[in-house]
Amino acid sequence: MTTSRASIIVPASGMGLYVHVPFCKTKCPYCDFNTYQGIENLMEPFLPSLKAEIQSWGETLAHPAVTSIFFGGGTPSYLPPGYIEQILACIQSSYQVDSGAEITIEANPGDLDAAACAGILAQGVNRLSIGVQSLDNDLLNLLGRRHQASEAVDAFQAARKAGFDNVNLDLMYGLPNQSIHQWRKTLDSLTSLEPEHISLYALTLEEGTPMHRWAEEGKIPEPDPDLAADMYQYARESLAAAGYHHYEISNWSLPDRACGHNLVYWENGPYLGVGPGAHSRLGDWRFWTVLSPRDYNTKATAWAQSGIQPADDLVETVLESVQTLGGWEHLGPETICSETMFLGLRLLDGLNLSGASARTGVDMAGKFQAPIQECIDLGLLVRDGDCLKLTESAYLIANQAFTRFLG
(Lines give C-alpha, C1' and ligand atoms only; values in the text may rest on other atoms or scores of the structure.)
Protein backbone atom coordinates (compact mmCIF):
# COMPACT_ATOMS: atom_id res chain seq x y z
CA MET A 1 0.00 0.00 0.00
CA THR A 2 1.47 3.33 -1.05
CA THR A 3 -0.80 5.66 0.92
CA SER A 4 1.22 8.04 3.07
CA ARG A 5 1.15 7.90 6.82
CA ALA A 6 0.02 11.54 6.92
CA SER A 7 -3.37 10.71 5.40
CA ILE A 8 -4.57 9.06 8.58
CA ILE A 9 -2.68 10.98 11.28
CA VAL A 10 -4.88 13.43 13.14
CA PRO A 11 -4.03 17.06 12.30
CA ALA A 12 -2.44 19.27 14.93
CA SER A 13 -5.78 21.03 15.39
CA GLY A 14 -7.13 17.79 16.86
CA MET A 15 -10.18 15.57 16.43
CA GLY A 16 -13.52 14.78 18.01
CA LEU A 17 -13.89 11.60 20.08
CA TYR A 18 -17.18 9.69 20.21
CA VAL A 19 -17.80 6.99 22.83
CA HIS A 20 -20.68 4.62 22.06
CA VAL A 21 -22.49 3.11 25.02
CA PRO A 22 -24.89 0.41 23.74
CA PHE A 23 -26.88 -0.19 26.94
CA CYS A 24 -30.47 0.85 27.60
CA LYS A 25 -32.77 -0.10 30.45
CA THR A 26 -35.56 -0.22 27.87
CA LYS A 27 -35.33 0.19 24.09
CA CYS A 28 -37.75 2.71 22.59
CA PRO A 29 -40.00 1.33 19.82
CA TYR A 30 -38.89 3.98 17.31
CA CYS A 31 -35.15 3.49 17.83
CA ASP A 32 -32.97 1.78 15.21
CA PHE A 33 -29.62 2.71 16.78
CA ASN A 34 -27.13 0.06 17.87
CA THR A 35 -28.58 -0.20 21.36
CA TYR A 36 -29.84 -3.08 23.49
CA GLN A 37 -31.85 -3.78 26.61
CA GLY A 38 -31.42 -6.75 28.90
CA ILE A 39 -27.63 -7.12 28.44
CA GLU A 40 -26.52 -5.63 31.73
CA ASN A 41 -24.32 -8.71 32.24
CA LEU A 42 -22.06 -7.29 29.50
CA MET A 43 -21.46 -3.98 31.30
CA GLU A 44 -18.66 -5.27 33.49
CA PRO A 45 -16.54 -6.69 30.62
CA PHE A 46 -17.47 -3.67 28.45
CA LEU A 47 -15.48 -1.27 30.62
CA PRO A 48 -12.03 -2.92 30.28
CA SER A 49 -12.69 -3.63 26.59
CA LEU A 50 -13.54 0.02 25.91
CA LYS A 51 -10.54 1.24 27.88
CA ALA A 52 -8.30 -1.15 25.94
CA GLU A 53 -9.58 0.23 22.63
CA ILE A 54 -9.15 3.84 23.81
CA GLN A 55 -5.59 3.19 24.97
CA SER A 56 -4.63 1.30 21.83
CA TRP A 57 -5.86 4.08 19.54
CA GLY A 58 -4.00 6.60 21.66
CA GLU A 59 -0.75 4.71 21.19
CA THR A 60 -1.39 4.00 17.51
CA LEU A 61 -2.15 7.64 16.68
CA ALA A 62 0.70 8.97 18.83
CA HIS A 63 -1.54 10.53 21.50
CA PRO A 64 -3.34 13.09 19.32
CA ALA A 65 -5.18 16.22 20.43
CA VAL A 66 -8.89 15.89 21.24
CA THR A 67 -11.16 18.92 21.03
CA SER A 68 -14.46 17.33 22.09
CA ILE A 69 -15.77 14.14 23.67
CA PHE A 70 -19.32 12.85 23.23
CA PHE A 71 -20.82 9.92 25.12
CA GLY A 72 -23.77 8.68 23.08
CA GLY A 73 -25.82 5.56 22.76
CA GLY A 74 -27.80 4.00 24.10
CA THR A 75 -28.01 5.58 27.47
CA PRO A 76 -24.60 6.52 28.90
CA SER A 77 -26.26 7.73 32.09
CA TYR A 78 -27.39 4.12 32.66
CA LEU A 79 -23.81 2.97 33.24
CA PRO A 80 -22.91 2.07 36.84
CA PRO A 81 -21.49 4.85 39.06
CA GLY A 82 -17.83 5.56 38.39
CA TYR A 83 -17.74 4.15 34.84
CA ILE A 84 -17.74 7.56 33.14
CA GLU A 85 -14.99 8.77 35.44
CA GLN A 86 -12.83 5.75 34.61
CA ILE A 87 -13.43 6.15 30.88
CA LEU A 88 -12.56 9.86 31.00
CA ALA A 89 -9.42 9.13 33.02
CA CYS A 90 -8.40 6.63 30.36
CA ILE A 91 -9.03 9.20 27.63
CA GLN A 92 -7.05 11.87 29.49
CA SER A 93 -4.06 9.55 29.82
CA SER A 94 -4.23 8.38 26.18
CA TYR A 95 -4.85 11.66 24.33
CA GLN A 96 -4.04 15.35 24.63
CA VAL A 97 -7.47 16.60 25.66
CA ASP A 98 -7.87 20.36 25.25
CA SER A 99 -8.33 22.14 28.57
CA GLY A 100 -11.56 23.67 27.28
CA ALA A 101 -12.85 20.55 25.53
CA GLU A 102 -16.61 20.14 25.37
CA ILE A 103 -17.49 16.85 27.10
CA THR A 104 -21.09 15.76 26.53
CA ILE A 105 -23.09 12.87 27.90
CA GLU A 106 -26.56 11.82 26.73
CA ALA A 107 -28.90 11.10 29.61
CA ASN A 108 -32.38 9.80 30.28
CA PRO A 109 -34.41 12.12 32.54
CA GLY A 110 -35.24 9.23 34.86
CA ASP A 111 -31.54 8.78 35.63
CA LEU A 112 -30.99 12.39 36.69
CA ASP A 113 -31.68 13.27 40.27
CA ALA A 114 -29.60 15.79 42.22
CA ALA A 115 -27.01 13.24 43.31
CA ALA A 116 -26.64 11.75 39.82
CA CYS A 117 -26.16 15.16 38.20
CA ALA A 118 -23.59 16.18 40.78
CA GLY A 119 -21.78 12.89 40.25
CA ILE A 120 -21.72 13.26 36.46
CA LEU A 121 -20.39 16.80 36.76
CA ALA A 122 -17.75 15.71 39.25
CA GLN A 123 -16.55 13.02 36.81
CA GLY A 124 -15.55 15.70 34.31
CA VAL A 125 -18.59 16.03 32.06
CA ASN A 126 -19.43 19.69 31.29
CA ARG A 127 -22.35 19.36 28.87
CA LEU A 128 -25.54 17.38 29.40
CA SER A 129 -27.93 16.26 26.64
CA ILE A 130 -31.28 15.19 28.07
CA GLY A 131 -33.68 13.07 26.01
CA VAL A 132 -36.95 14.78 26.93
CA GLN A 133 -38.76 14.03 23.60
CA SER A 134 -42.13 15.31 24.84
CA LEU A 135 -43.88 16.83 27.84
CA ASP A 136 -47.12 14.97 27.12
CA ASN A 137 -47.39 11.77 29.14
CA ASP A 138 -49.55 9.95 26.58
CA LEU A 139 -46.98 10.64 23.88
CA LEU A 140 -44.15 9.61 26.19
CA ASN A 141 -45.91 6.30 26.81
CA LEU A 142 -46.38 5.80 23.07
CA LEU A 143 -42.67 6.45 22.54
CA GLY A 144 -41.78 3.89 25.20
CA ARG A 145 -39.95 6.46 27.28
CA ARG A 146 -39.34 5.49 30.91
CA HIS A 147 -40.01 8.95 32.33
CA GLN A 148 -42.98 11.22 32.77
CA ALA A 149 -43.17 14.89 31.83
CA SER A 150 -42.63 16.11 35.39
CA GLU A 151 -39.46 14.01 35.67
CA ALA A 152 -38.01 15.70 32.59
CA VAL A 153 -38.47 19.13 34.14
CA ASP A 154 -37.13 17.86 37.46
CA ALA A 155 -34.06 16.43 35.67
CA PHE A 156 -33.28 19.78 34.07
CA GLN A 157 -33.65 21.59 37.37
CA ALA A 158 -31.44 19.00 39.08
CA ALA A 159 -28.78 19.59 36.42
CA ARG A 160 -28.93 23.32 37.02
CA LYS A 161 -28.73 22.88 40.78
CA ALA A 162 -25.70 20.61 40.38
CA GLY A 163 -23.93 23.32 38.38
CA PHE A 164 -24.42 22.40 34.72
CA ASP A 165 -24.39 25.59 32.66
CA ASN A 166 -24.51 23.89 29.25
CA VAL A 167 -27.59 21.71 28.73
CA ASN A 168 -29.24 20.44 25.57
CA LEU A 169 -32.84 19.23 25.46
CA ASP A 170 -33.98 16.80 22.74
CA LEU A 171 -37.56 16.94 21.49
CA MET A 172 -39.48 14.98 18.86
CA TYR A 173 -42.31 16.22 16.68
CA GLY A 174 -44.57 14.79 13.99
CA LEU A 175 -45.59 11.99 16.36
CA PRO A 176 -48.68 9.81 15.88
CA ASN A 177 -51.71 11.51 17.47
CA GLN A 178 -49.66 14.60 18.36
CA SER A 179 -51.58 17.84 17.94
CA ILE A 180 -50.16 21.26 17.19
CA HIS A 181 -51.52 22.37 20.56
CA GLN A 182 -49.51 19.66 22.36
CA TRP A 183 -46.41 20.64 20.43
CA ARG A 184 -46.73 24.33 21.23
CA LYS A 185 -47.29 23.60 24.90
CA THR A 186 -44.26 21.31 25.11
CA LEU A 187 -41.97 23.64 23.20
CA ASP A 188 -43.06 26.74 25.10
CA SER A 189 -42.62 24.97 28.44
CA LEU A 190 -39.12 23.82 27.58
CA THR A 191 -38.09 27.17 26.15
CA SER A 192 -39.14 28.80 29.40
CA LEU A 193 -36.48 26.69 31.16
CA GLU A 194 -33.84 28.50 29.07
CA PRO A 195 -31.57 25.59 28.14
CA GLU A 196 -28.46 26.56 26.21
CA HIS A 197 -29.30 24.23 23.32
CA ILE A 198 -32.40 22.59 21.83
CA SER A 199 -32.50 19.79 19.25
CA LEU A 200 -35.73 18.97 17.42
CA TYR A 201 -36.21 15.79 15.42
CA ALA A 202 -39.17 14.70 13.29
CA LEU A 203 -40.20 11.10 13.88
CA THR A 204 -39.03 8.76 11.14
CA LEU A 205 -40.55 5.29 11.13
CA GLU A 206 -37.48 3.17 10.48
CA GLU A 207 -38.05 -0.23 8.93
CA GLY A 208 -37.59 -3.04 11.42
CA THR A 209 -38.67 -1.03 14.46
CA PRO A 210 -41.86 -1.83 16.41
CA MET A 211 -43.34 1.57 15.53
CA HIS A 212 -42.88 0.92 11.83
CA ARG A 213 -44.73 -2.38 12.24
CA TRP A 214 -47.51 -0.73 14.24
CA ALA A 215 -48.07 1.78 11.46
CA GLU A 216 -48.16 -0.98 8.83
CA GLU A 217 -50.71 -2.86 10.93
CA GLY A 218 -52.83 0.27 11.33
CA LYS A 219 -52.36 0.41 15.11
CA ILE A 220 -51.01 3.97 14.89
CA PRO A 221 -51.44 6.58 12.15
CA GLU A 222 -48.67 7.33 9.69
CA PRO A 223 -46.85 10.63 10.41
CA ASP A 224 -48.53 13.66 8.81
CA PRO A 225 -45.78 15.57 6.93
CA ASP A 226 -47.92 18.71 6.59
CA LEU A 227 -48.59 18.85 10.33
CA ALA A 228 -44.92 18.16 11.03
CA ALA A 229 -44.01 21.09 8.77
CA ASP A 230 -46.38 23.35 10.72
CA MET A 231 -44.72 22.22 13.97
CA TYR A 232 -41.27 22.96 12.56
CA GLN A 233 -42.34 26.41 11.43
CA TYR A 234 -43.79 27.19 14.86
CA ALA A 235 -40.50 26.09 16.42
CA ARG A 236 -38.51 28.34 14.14
CA GLU A 237 -40.63 31.37 14.99
CA SER A 238 -40.93 30.78 18.74
CA LEU A 239 -37.28 29.87 19.29
CA ALA A 240 -36.11 32.90 17.32
CA ALA A 241 -38.32 35.10 19.50
CA ALA A 242 -36.74 33.48 22.58
CA GLY A 243 -33.23 34.36 21.42
CA TYR A 244 -32.12 31.03 19.98
CA HIS A 245 -29.99 30.90 16.85
CA HIS A 246 -31.08 28.32 14.29
CA TYR A 247 -27.61 27.18 13.27
CA GLU A 248 -28.31 23.72 11.84
CA ILE A 249 -31.43 22.18 10.31
CA SER A 250 -32.45 20.44 13.56
CA ASN A 251 -30.51 22.46 16.14
CA TRP A 252 -30.86 25.79 17.94
CA SER A 253 -28.57 27.39 20.51
CA LEU A 254 -28.06 30.47 22.57
CA PRO A 255 -25.04 32.57 21.48
CA ASP A 256 -21.76 30.60 21.51
CA ARG A 257 -23.50 27.40 22.63
CA ALA A 258 -23.60 25.41 19.39
CA CYS A 259 -22.57 21.78 19.87
CA GLY A 260 -18.84 21.77 19.17
CA HIS A 261 -18.67 18.00 18.74
CA ASN A 262 -21.41 17.87 16.11
CA LEU A 263 -19.77 20.77 14.28
CA VAL A 264 -16.83 18.42 13.66
CA TYR A 265 -19.19 16.12 11.74
CA TRP A 266 -20.91 18.89 9.80
CA GLU A 267 -17.58 20.42 8.83
CA ASN A 268 -16.41 16.95 7.72
CA GLY A 269 -13.54 17.04 10.19
CA PRO A 270 -11.61 14.16 11.75
CA TYR A 271 -13.18 12.07 14.49
CA LEU A 272 -12.52 8.79 16.22
CA GLY A 273 -15.35 6.56 17.41
CA VAL A 274 -14.87 3.88 20.06
CA GLY A 275 -17.31 1.28 21.34
CA PRO A 276 -19.52 -1.23 19.50
CA GLY A 277 -20.70 0.00 16.11
CA ALA A 278 -18.85 3.33 16.39
CA HIS A 279 -17.58 4.94 13.18
CA SER A 280 -14.40 6.96 12.64
CA ARG A 281 -13.22 9.28 9.90
CA LEU A 282 -9.49 10.05 9.84
CA GLY A 283 -7.72 11.30 6.74
CA ASP A 284 -9.02 9.52 3.65
CA TRP A 285 -10.39 6.58 5.59
CA ARG A 286 -13.60 5.63 7.36
CA PHE A 287 -13.64 2.63 9.66
CA TRP A 288 -15.94 1.08 12.23
CA THR A 289 -16.20 -1.48 14.99
CA VAL A 290 -18.32 -4.63 15.16
CA LEU A 291 -21.96 -4.03 16.10
CA SER A 292 -22.48 -6.79 18.67
CA PRO A 293 -21.53 -5.69 22.21
CA ARG A 294 -20.62 -9.28 23.06
CA ASP A 295 -18.34 -9.62 20.04
CA TYR A 296 -16.93 -6.16 20.73
CA ASN A 297 -15.90 -7.12 24.26
CA THR A 298 -13.90 -10.01 22.83
CA LYS A 299 -12.48 -8.33 19.73
CA ALA A 300 -11.55 -4.98 21.28
CA THR A 301 -9.44 -6.67 23.93
CA ALA A 302 -7.77 -8.95 21.40
CA TRP A 303 -7.13 -6.01 19.05
CA ALA A 304 -5.50 -3.98 21.81
CA GLN A 305 -3.38 -6.94 22.91
CA SER A 306 -1.99 -7.28 19.39
CA GLY A 307 0.41 -4.48 20.28
CA ILE A 308 -0.17 -2.01 17.45
CA GLN A 309 2.44 0.72 17.49
CA PRO A 310 3.07 3.84 15.36
CA ALA A 311 5.21 3.01 12.34
CA ASP A 312 6.16 4.37 8.93
CA ASP A 313 3.47 2.16 7.39
CA LEU A 314 0.85 3.33 9.91
CA VAL A 315 -2.01 3.36 7.40
CA GLU A 316 -1.39 -0.20 6.34
CA THR A 317 -0.91 -1.27 9.95
CA VAL A 318 -4.17 0.31 11.08
CA LEU A 319 -6.27 -0.90 8.16
CA GLU A 320 -5.03 -4.46 8.42
CA SER A 321 -5.55 -4.59 12.16
CA VAL A 322 -8.90 -2.79 12.28
CA GLN A 323 -10.42 -5.54 10.15
CA THR A 324 -10.24 -7.73 13.25
CA LEU A 325 -12.31 -5.12 15.09
CA GLY A 326 -14.75 -4.11 12.35
CA GLY A 327 -14.14 -2.81 8.83
CA TRP A 328 -12.99 0.13 6.72
CA GLU A 329 -13.41 1.94 3.43
CA HIS A 330 -11.26 4.36 1.49
CA LEU A 331 -12.76 7.79 0.80
CA GLY A 332 -11.87 8.97 -2.68
CA PRO A 333 -11.74 12.64 -3.68
CA GLU A 334 -15.27 12.52 -5.10
CA THR A 335 -16.71 11.21 -1.84
CA ILE A 336 -14.80 13.70 0.30
CA CYS A 337 -15.92 16.63 -1.84
CA SER A 338 -19.54 15.49 -1.95
CA GLU A 339 -19.70 14.93 1.80
CA THR A 340 -18.06 18.28 2.48
CA MET A 341 -20.79 19.96 0.45
CA PHE A 342 -23.92 18.29 1.81
CA LEU A 343 -22.73 18.13 5.41
CA GLY A 344 -21.62 21.76 5.36
CA LEU A 345 -24.90 22.91 3.87
CA ARG A 346 -26.71 21.58 6.95
CA LEU A 347 -25.22 24.60 8.72
CA LEU A 348 -27.73 27.35 8.06
CA ASP A 349 -25.24 30.22 8.19
CA GLY A 350 -23.89 28.69 5.03
CA LEU A 351 -20.88 26.89 3.58
CA ASN A 352 -17.82 29.01 2.84
CA LEU A 353 -16.71 27.74 -0.55
CA SER A 354 -13.13 29.02 -0.21
CA GLY A 355 -12.78 27.35 3.16
CA ALA A 356 -14.18 24.09 1.80
CA SER A 357 -11.78 24.32 -1.14
CA ALA A 358 -8.84 24.79 1.22
CA ARG A 359 -9.85 21.74 3.25
CA THR A 360 -10.34 19.46 0.26
CA GLY A 361 -7.68 20.84 -2.05
CA VAL A 362 -10.31 21.16 -4.78
CA ASP A 363 -12.00 24.25 -6.26
CA MET A 364 -15.46 23.43 -4.92
CA ALA A 365 -17.24 26.28 -6.70
CA GLY A 366 -15.83 25.12 -10.01
CA LYS A 367 -16.28 21.42 -9.39
CA PHE A 368 -19.95 21.79 -8.43
CA GLN A 369 -20.82 24.74 -10.66
CA ALA A 370 -23.68 22.88 -12.40
CA PRO A 371 -25.47 21.49 -9.31
CA ILE A 372 -24.99 24.77 -7.45
CA GLN A 373 -26.67 26.69 -10.26
CA GLU A 374 -29.42 24.08 -10.54
CA CYS A 375 -30.19 24.38 -6.82
CA ILE A 376 -30.21 28.17 -7.07
CA ASP A 377 -32.61 28.00 -10.02
CA LEU A 378 -34.89 25.66 -8.05
CA GLY A 379 -34.91 27.96 -5.03
CA LEU A 380 -33.08 25.46 -2.83
CA LEU A 381 -29.86 27.45 -2.39
CA VAL A 382 -28.79 31.06 -2.40
CA ARG A 383 -25.25 32.32 -2.98
CA ASP A 384 -23.81 35.48 -1.50
CA GLY A 385 -20.25 35.85 -2.70
CA ASP A 386 -18.29 32.97 -1.22
CA CYS A 387 -21.18 31.78 0.97
CA LEU A 388 -23.62 29.14 -0.22
CA LYS A 389 -26.60 28.29 1.96
CA LEU A 390 -30.04 26.73 2.00
CA THR A 391 -33.03 28.98 1.47
CA GLU A 392 -35.47 28.99 4.36
CA SER A 393 -38.10 27.26 2.24
CA ALA A 394 -35.65 24.38 1.65
CA TYR A 395 -34.96 23.51 5.27
CA LEU A 396 -37.47 20.64 5.32
CA ILE A 397 -36.63 19.42 1.82
CA ALA A 398 -32.86 19.86 2.06
CA ASN A 399 -32.23 16.38 0.69
CA GLN A 400 -33.41 17.66 -2.68
CA ALA A 401 -30.33 19.87 -2.65
CA PHE A 402 -27.95 17.40 -1.00
CA THR A 403 -28.56 14.58 -3.49
CA ARG A 404 -27.43 16.83 -6.36
CA PHE A 405 -23.91 16.84 -4.91
CA LEU A 406 -23.59 13.06 -4.83
CA GLY A 407 -21.34 11.58 -7.47
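Which residues lie nearest the centre of the second largest pocket? The 29 residues of its lining include N268, G269, P270, R281 and R359, and these five lie nearest the centre.

The structure is a predicted model in which local features need pLDDT of at least 70 and side-chain atom pairs count only at pLDDT 80 or more, whereas totals for chains, interfaces and linings use all residues. Residues are numbered from 1 along each chain as its sequence is written, and side-chain values use heavy atoms, with hydrogens and water left out.

**The second largest pocket**

This pocket holds about 500 Å³ of space. A pocket is an open set of points on a 1 Å grid over the protein atoms alone, where a 1.4 Å probe fits, with protein on both sides within 12 Å along at least five of seven lines; lining residues have an atom within 4 Å of a point. At least two lining residues each come from β1 (15-21), α9 (260-266), β12 (279-282), α12 (333-344) and α13 (353-360), with helices being DSSP runs of H or I of at least four residues and strands runs of E of at least two. Helix α12 supplies the largest share, four residues. By class, the lining comprises 13 nonpolar, twelve polar and four charged residues; Gly is counted as polar, and the charged class is Asp, Glu, Lys and Arg, while Ala, Val, Leu, Ile, Met, Phe, Trp, Tyr, Cys and Pro are nonpolar.

**Aromatic pairs**

Twelve aromatic pairs are found in the whole structure. Rings of Phe, Tyr and Trp (its six-membered ring) pair if their centres lie within 6.5 Å; planes under 30 degrees apart are stacked, over 60 edge-to-face and the rest tilted. Two of the pairs are listed below.

| Pair | Centre distance | Plane angle | Class |
|---|---|---|---|
| Y247 and W266 | 6.0 Å | 70 degrees | edge-to-face |
| F342 and F402 | 6.3 Å | 40 degrees | tilted |

Y247 in strand β9 (residues 245-248) and W266 in helix α9 are 19 residues apart. Y247 is buried at a relative accessible area of 5%, where buried means under 20% with a 1.4 Å probe and protein chains only; W266 is buried at 10%. F342 lies in helix α12 and F402 in helix α16 (residues 399-402), so their pair joins parts 60 residues apart in sequence. F402 is buried at 6%. Ring pairs also link Y173, W183, Y232 and W252 into a cluster.

**The site of T191**

T191 belongs to helix α6 (residues 180-192) and is buried, with 13% relative accessibility. Its side chain reaches the backbone oxygen of L187 at 2.7 Å. Beyond its neighbours within four places in sequence, T191 is in contact (heavy atoms within 4.5 Å) with I198, L239, A242 and Y244.

How values were computed: Buried means under 20% relative accessible area, exposed over 50%, partly exposed in between (1.4 Å probe, protein chains only). A polar contact is a pair of N or O atoms within 3.5 Å; within protein, one must be able to donate a hydrogen and the other to accept it, and residues adjacent in sequence count only if both atoms are side-chain atoms. Grid points are joined across faces, edges and corners, and a volume is the space filled by probe spheres set on the points.
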